[in-house]
Amino acid sequence: MTTRLRPIYSAFCLIAALILAATSFAAQDGKRLITEKDIFQFNWTANPEISPDGSQVAFVKVSVNEKRDGYDTALWAVSTSGNGEPWRLTNGPRDSSPHWSPGGKRLAFVRSAEKDGKPQPAQIYILNFTGGEPWALTSMPKGAGGIEWSPDGKWIAFNSSTTAADMAKAEPKGERKPGAKDDARSAAKSDDAKPEHESDVHVISRAVYRNNGSGYLDPKRVSHIWIVEVPDAASETAMPKPRQLTFGAYSEGSVMWSKDGSTIYYTSDRRPESYYDLSEDELFSVPVAGGAPTKVLHINGDLQSPVLSPDGQRFAFRGSPNKPVRSFSQSDLWTVAATANAKPTNLTTNFDWEVGSGPGGDQHPPRGGGRATPVWSADGKTIVDAVLKEGASNLYRFDAATGAATELTTGKHDVFSFTASADGTKFAYVESTPTK
């Protein structure tokens, strides 16, 4: 027994000696080692959103709330000229996801207000740069997110798991005329309607039943696409009424407006418990005026972060084919025509590095997130995306016809969130290193 413990004891003594030596060296150098309380001083930059004209960047500042044992998020802005200090746009403490309107005069963002000391479902707010306080655009019982402005800046598409029954229950009593036809009120009486007291008992019938951070999943409650008109200012009488565009048992994501604003594209996997099967992603379209969705594309593999070209004729996306079956397949940059049954083209089939990826680690902001989707140039001839190479992530420009790659940023860092001005000539991005 003593003989077996001796190597462990020796290793422990060596580690202790190294720690003492490092502490002594730090003290002699006039510095100190990091402690657990230093996290209270940490700040992170997240979700940079450059304005359409490229003159300023809105971003999320993430800080630690020592008293509440959590993180606070607020919106800030900074000029791209390099002159002047950043300035605060909102007070927080739970503001995120800034999105400029096409004209650059308004900023939509997501805020989770507080009631009786508890955070409420996040809603979309509007900040007018002509003056005034931010005002709520939505009041969805189950919250709203995934903001996408229409090309003319008059509408916002968003995602919500709110149902018609939820809307009917939240509607003030006496607002509707007696005897009037009310689909939402009828829906409240359907099987989807929940009792006043919701049971805390969870019946698990699926392999994937909860997510880290969001808790238990409800397969009967999925995220659908809604649209809402954006008035010039907050109304003193009534909030704009959102309209649901998609329905059914499956969630939708990657929402995009067509260039003329008449159609919304989105991705959806319409297979129950698809995590058992190989990836087969699909792209759909639905008229903004309402109607049945149409399947645009079916990909035998991944279809991640699709982005519509400036002329509205092609999509760029990240992905990899589902065959041959591998434990890992490198993600490539693809393009495909925006027509039914079109065949996608792999632009980076001869490119050695992974597109749309980066090194993993804990240096990313713990809140605030940010977008990092491929960016088309204004003429549609090139596409910019992040590339993972030798433990670092940088921006590359790819020829949309040949796939020829040009490195735009260099360095041993992680470029994990980026956006571009409307003409695609100026980028804002966040980079992270092991120490900054």
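You are looking at a predicted model, where local features need pLDDT of at least 70, side-chain atom pairs count only at pLDDT 80 or more, and totals for chains, interfaces and linings use all residues. Residues are numbered from 1 along each chain as its sequence is written, and side-chain values use heavy atoms, leaving out hydrogens and water.

Thr138 sits in the loop between β10 (135–136) and β11 (145–149); strands are DSSP runs of E, at least two residues, numbered from the N terminus. Is Thr138 buried or exposed? Thr138 counts as buried because its relative accessibility is 3% (buried means under 20% relative accessible area, with a 1.4 Å probe and protein chains only).

Next, select Ile124, Ile126, Leu137 and Ile156, which have the most contacts inside the largest nonpolar core, a set of 15 residues. Such a core joins buried Ala, Val, Leu, Ile, Met, Phe, Trp, Tyr and Cys residues through side-chain atoms within 4.5 Å. Elements giving two or more residues to this core include β9 (123–128) and β12 (155–160).

Finally, move to β23 (residues 332–337) and β24, antiparallel strands joined by two bridges. Here, Trp334 stands opposite Asn346 in β24.

How values were computed. Helix = DSSP H or I, 4+ residues; strand = E, 2+ residues; numbered from the N terminus. Buried < 20%, exposed > 50% of the residue type's maximum accessible area, 1.4 Å probe, protein only. Pairing = 2+ DSSP bridges.
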